[in-house]
Amino acid sequence: MYRSLLTLTLLTACTDAGNECVTPQGCGEGLLCVQNRCVGSEVEGDPRALYEAEFALRLDAECGVCHFAGAYEIPVGGGDGRYRLHSGVGLSAAQLEENWNDLQDFVRPGDPVNSLLLTYGRGEASIDPERDGRATPHPAVYGTVENLSYARVLNWLSLFPAAQLPDLGLPPPPSDASAPTMPGDPPPPPPPSAEETYLSGIHGVLARGCACHTSPARAWAISAAASADVASFQATRAWITPAAPDQSPLLQYARGELGHSAGAVWAPGEPEYELVLRWIATVQ
Ligand code: HEC
C-alpha cells in the first residue's frame with residue numbers, strides 16, 4: 001500500500017503541469033508517466049536537479065523498501081559503503097542532500113553501466129557475505145535491461161561528469177621507457193614513495209571505486225574517500241603483490257575473480273585499474 005502510494009506520488013508529483021497521464025498505463029508501450037508527462041528512456045539536464053525532480057522518488061520506490069534509513073541500524077550518509085535513503089514524500093532539503101551524498105558511493109561517473117547502484121540493481125552482486133558467511137544474490141530489481149525505469153536511471157547516471165584521475169607522477173610501465181637521458185641532463189627527481197602516492201591519490205580512487213570497503217565490516221577495509229590515512233595504506237598493502245602486480249588479490253577481486261561478491265568492478269585497460277596496477281609496482 002505504502003509502495004503504491006509512493007509510486008502514485010512519483011507519477012503525479014506535479015499536478016498543475018499539462019496532464020498527459022496519471023497512471024503508467026496512460027502512456028502506452030515504451031513510455032513512462034513522469035510528472036504527468038509521457039516520456040521514453042531519454043534523460044537530459046543537470047543530474048542533481050533531475051534527482052530532486054524524479055530520481056529520488058524513483059530510487060525510493062524501487063530500492064527504499066529494503067534500503068530505508070535505519071535498516072539494520074545503518075544511517076544515511078556518504079562514505080560508509082552502505083546504501084541507505086530517507087524514504088517517503090515531502091523530505092526536507094537536508095534529508096535529500098543526505099540521500100544524494102550516500103548515493104555518490106555507488107555511482108561511477110563516466111561508466112554508468114558499471115555503477116555499483118546498477119550492478120546490484122541488476123542482481124549481479126551478492127549481499128554482504130561478511131555478515132553471515134553466505135553470498136545471497138541481491139534481488140534483480142531491474143530484471144531485464146528493457147525495463148524502462150532501468151533505462152532512465154542508466155541514462156541519468158550517464159549525465160554525471162566523469163572525475164579526472166589524479167596525476168601521481170608514478171614511474172611509467174617498463175614497456176614504455178622514455179627517451180634515454182643525455183649526458184649533462186639533471187638526474188630525474190626521486191619518485192614519491194608509495195605511501196605518499198597512496199595518500200595523495202590512490203586512496204581516493206579506491207574509496208570511490210570500491211566504496212563497499214569503506215565499511216569497517218569488510219576483510220579489506222579503508223576509510224572514506226575524503227580521509228586517506230596510513231592505516232588504510234597498510235590495510236591495502238596486505239592485499240597486493242608488488243613483484244607481480246596483476247596477481248595481487250586486490251586486482252583479482254576487482255576483476256571479479258576469487259568469488260568477489262560485487263562482481264567485476266574494473267577490467268584491465270580501464271584507467272583506474274591501470275593506475276592502481278602501476279602504483280602496486282612501486283610498493284616496497
Ligand atoms: C528486497 C530487498 C532489497 C531491494 C528491493 C534492494 N536491495 Fe540492495 N541490498 C539489499 C540487502 C539486504 C543488501 C545487503 C546490505 C545492506 O543491508 O545494505 C543490499 C545491498 C546493496 C548494495 C551494496 C551496498 C550495501 O548497502 O551493502 C547496493 C549498492 C544496493 N543494494 C543497491 C540497490 C538498488 C540500487 C536497489 C534498487 C534498484 C536495491 N538495492 C534494492 C536488499 C535489497
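**Ligand shell and a helix pair**

Of the 19 residues around the ligand, the nearest are Cys63, Cys66, Tyr120, Gly121 and Ile127 (a residue is near a molecule if its C-beta atom, placed from the backbone, lies within 6 Å of it). This is a predicted model: local features need pLDDT of at least 70, side-chain atom pairs count only at pLDDT 80 or more, and totals for chains, interfaces and linings use all residues. Residues are numbered from 1 along each chain as its sequence is written.

**Ligand shell**
- Helix 2 (47-67) and helix 4 (116-121) are the elements that give two or more residues to the shell.
- Helix 2 gives the most, with five residues.
- The shell divides into 13 nonpolar, three polar and three charged residues (Ala, Val, Leu, Ile, Met, Phe, Trp, Tyr, Cys and Pro count as nonpolar, Asp, Glu, Lys and Arg as charged, the others, Gly among them, as polar).

**Helices 7 and 8**
- The axes of helix 7 (residues 194-209) and helix 8 (residues 230-237) come within 10 Å and cross at roughly 80° (axes are lines fitted to C-alpha atoms over the stretch in contact; angles run from 0 to 180 degrees between N-to-C directions).
- Helix 7 is therefore roughly perpendicular to helix 8 (65 to 115 degrees).
- Helix 7 makes the contact through Glu195, Tyr198, Leu199, His203 and Leu206, and helix 8 through Val230, Ser232, Phe233 and Thr236 (contact: C-beta atoms, placed from the backbone, within 7 Å).
- Five residues of this contact are nonpolar, three polar and one charged.

**Overall fold**
- The protein has ten helices and four strands (DSSP runs numbered from the N terminus: helices H or I, at least four residues; strands E, at least two).
- From the N terminus, the order is α-β-β-α-α-α-β-α-β-α-α-α-α-α.

Key. Parallel < 35°, antiparallel > 145°, perpendicular 65-115°, else oblique. Contact = placed C-beta atoms within 7 Å.
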